[in-house]
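User: Please take a close look at the disulfide bonding here and at the nonpolar core.

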Amino acid sequence: LTLWALPTSPAAAPKLRCEVDQGGKTQIIEVAPVSDPYGVQGTDINGRFRFKAVLVGDADRIDYVALYTWYLSDGRQVLLHEAKYQAPEARPDPPPAALTGRQYLYAPGLERELQYGCALAEVAP
């Protein structure tokens, strides 16, 4: 009967953390779960690429992770890469590219490279 009186610690919440490297610069992109993936904005990467990471679900369950990379060509965004991970598991202190592995993308004809790796972590609130 005394167990109900013990304080409980809040459950860890999932957070997606991506390290994106391009042109000698590294950007860290962190996203929390959302219910509407269409409201998530992409991140400009050195004016050459756009990277969008979407974590769909809530604090209790992740439905999927979607990752998109566009290269910028003549003022247009051209989809270069899309990846989707169904119902991934968040882990405490995962390595930087635990979910995706290290990915290497190349813009056609431009000889520009973008690298990224993402991990889904449990983060204490």
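Analyst: The structure holds one disulfide, a disulfide being a pair of cysteine sulfur atoms within 2.5 Å. Cys18 is joined to Cys118, with an S to S distance of 2.1 Å. The two cysteines lie 100 residues apart and link distant parts of the chain: Cys18 is in strand β1 (residues 13–22) and Cys118 in strand β8 (residues 112–123). Strands (E, at least two residues) are DSSP runs, numbered from the N terminus. The S-S torsion of Cys18 and Cys118 is about 110°, so this disulfide is right-handed. Cys18 is buried at a relative accessible area of 0%, and Cys118 is buried with a value of 0%; buried means under 20% relative accessible area (1.4 Å probe, protein chains only).

This is a predicted model, in which local features need pLDDT of at least 70 and side-chain atom pairs count only at pLDDT 80 or more, while totals for chains, interfaces and linings use all residues. Residues are numbered from 1 along each chain as its sequence is written, and side-chain values use heavy atoms, without hydrogens and water.

The largest nonpolar core has 22 residues, and Leu16, Phe51, Leu67 and Tyr116 have the most contacts inside it. Such a core is a set of buried Ala, Val, Leu, Ile, Met, Phe, Trp, Tyr and Cys residues joined through side-chain atoms within 4.5 Å. Beyond its neighbours within four places in sequence, Tyr116 is in contact (heavy atoms within 4.5 Å) with residues including Phe51, Leu67, His81 and Leu105. A second, separate core of seven residues includes Val40, Val54, Val56 and Trp70.

Notes
Helix = DSSP H or I, 4+ residues; strand = E, 2+ residues; numbered from the N terminus. Buried < 20%, exposed > 50% of the residue type's maximum accessible area, 1.4 Å probe, protein only.
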